Amino acid sequence: MEYVVILGRQPEFGLAELESVVGAKAIAPFGNQAALLRKSLDLNHLGGAQKLGRILYRGPAHDLNEAPLNLNELPLREGKTNFGLSYYGVRATTKFVTAAGLTLKKRLRERGSLRLVTPQEGTTLSAAQVKFNGLIGKGFELLIVVADQEMVITITTQVQDIDSYAARDYQRPARSAKVGMLPPKLAQLMVNTTSAGLIYDPFCGTGVVLQEALLLGREASGSDLNPEMVEASRENLEWLSKQISLPKLAASTAELADAREVRLPPGPVGIVSEGYLGPNLSRKPTKPEVAELQQELLELYSASLRSWREQLPKGAEVTITIPAWQTQDGIIPLGLLDRLSDLGYTLKSFAHTDTRNLIYRRPGQAVGRQLLIMRTH
Ligand SMILES: C[S@@+](CC[C@H](N)C(=O)[O-])C[C@H]1O[C@@H](n2cnc3c(N)ncnc32)[C@H](O)[C@@H]1O
């Protein structure tokens, strides 16, 4: 294993994505928030990864300044070199990171002059700090991950391009708070759990899945029950075509259709979709409120999945998110899992992730999204 990847806020999602893209054997989880990788990967193509580092040392856990590290491998340049440290998997303070950085600076004094960049909070530098201070290319960041008694010390080779994700989210002309906004990162991750050349989204809303599928080099089309949403998707695709030249974009369309009756395109198609989450909730729902929503939405999803299954061949890939409600008493899932087999679907199983329990949520949010990564059987 030569690289380490730092996974996103919900690491189990990033692991499922990585396993889908490179296969189970090319990765090994390392601690709670990282994975070891055989080969380098392009983070621009992964929604669930934050940072990538090339391993300089892997072995028993040491204090950074006592680890057998070849300091000549650290790239210093003429004049001043900015550098920083990020620690993952340790219980420590910013002060601890600063002290380790200052010791390293002293040890490197003979090789040149350095400026230490310290974390704004906690033990890790943000992607924005790494970028702003030129820590890739002009300077360096050491990314240190500790898992049990083992550690890796790596030099960061790439961080997530947060500006690009923000632009793909906030600069799109047609946005809608009503349908909820699927973060482009999550849409990208969902597309990555499939390999089909053509992605279809039957609940396309404003078209985030279509956009991310196109950016990953897939063809993409979709439909929605709401004419305003169909128009929004079209407008956003039009905007995308002006930002970037994408050969597959000309063939993509959004049409008006009910997901329970939509005619899927012929040929090998994968479905990737953030399904309808129910009405907007301003507060956590009560148990009886959830029961009512469950009944309505179970019908919608069962009918949709049944209809798609009739049109898809065996082995087709279907990745969707369905609602899971955060109540005072904890999370209540939709309850679709038990019906999947009868509907003709099997959850894909992963070596490194429990796919029965992938719920994407933010604290305080009333509705979370449960990710189902499936195949037809
Ligand atoms: C959570 S939103 C999807 C948002 C989308 N991911 C985006 O990028 O904006 C769910 C969408 O499902 C649509 N919808 C609700 N019921 C539907 C149905 N029966 N068939 C098709 N679309 C439906 C809604 O109009 C809404 O746009």
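Predicted model: local features only at pLDDT ≥ 70, side-chain atom pairs only at ≥ 80, totals over all residues.
**Ligand site**

I began with the residues around the ligand. There are 21 of them, and Thr206, Val208, Asp224, Ala259 and Glu274 come nearest. I then sorted this shell by residue class and found 12 nonpolar, 5 polar and 4 charged residues.

A nitrogen atom of the ligand lies 2.7 Å from an N or O atom in the side chain of Glu274. For Leu225, a polar backbone atom is 3.2 Å from a nitrogen atom of the ligand. For Gly207, a polar backbone atom is 3.5 Å from an oxygen atom of the ligand. I also checked how much of the ligand is covered: taken alone it exposes 600 Å², and the protein buries 95% of that.

**Helices H4 and H5**

I turned to helix H4, residues 162-170, and helix H5, residues 184-192. Their axes are 9 Å apart, and the helices pack at an angle of about 100°. Angles from 65 to 115 degrees count as roughly perpendicular, so I noted H4 and H5 as roughly perpendicular to each other.

Which residues meet where H4 packs on H5? From H4 I listed Tyr165, Arg168 and Asp169, which meet Pro184, Lys185 and Gln188 in H5. By class, the residues of this contact divide into 2 nonpolar, 1 polar and 3 charged.

Technical notes
Residues numbered from 1 in each chain as written. Heavy atoms only, no water. Near = heavy atom within 4 Å. Polar contact = N/O pair within 3.5 Å; in protein donor to acceptor, adjacent residues only side chain to side chain. Areas by Shrake-Rupley, 256 points an atom, 1.4 Å probe, with all protein chains shown as cover. Nonpolar A, V, L, I, M, F, W, Y, C, P; charged D, E, K, R; others polar. Axes fitted to C-alpha atoms, helices over the stretch in contact; angles between N-to-C directions. Helix = DSSP H or I, 4+ residues; strand = E, 2+ residues; numbered from the N terminus. Parallel < 35°, antiparallel > 145°, perpendicular 65-115°, else oblique. Contact = heavy atoms within 4.5 Å.
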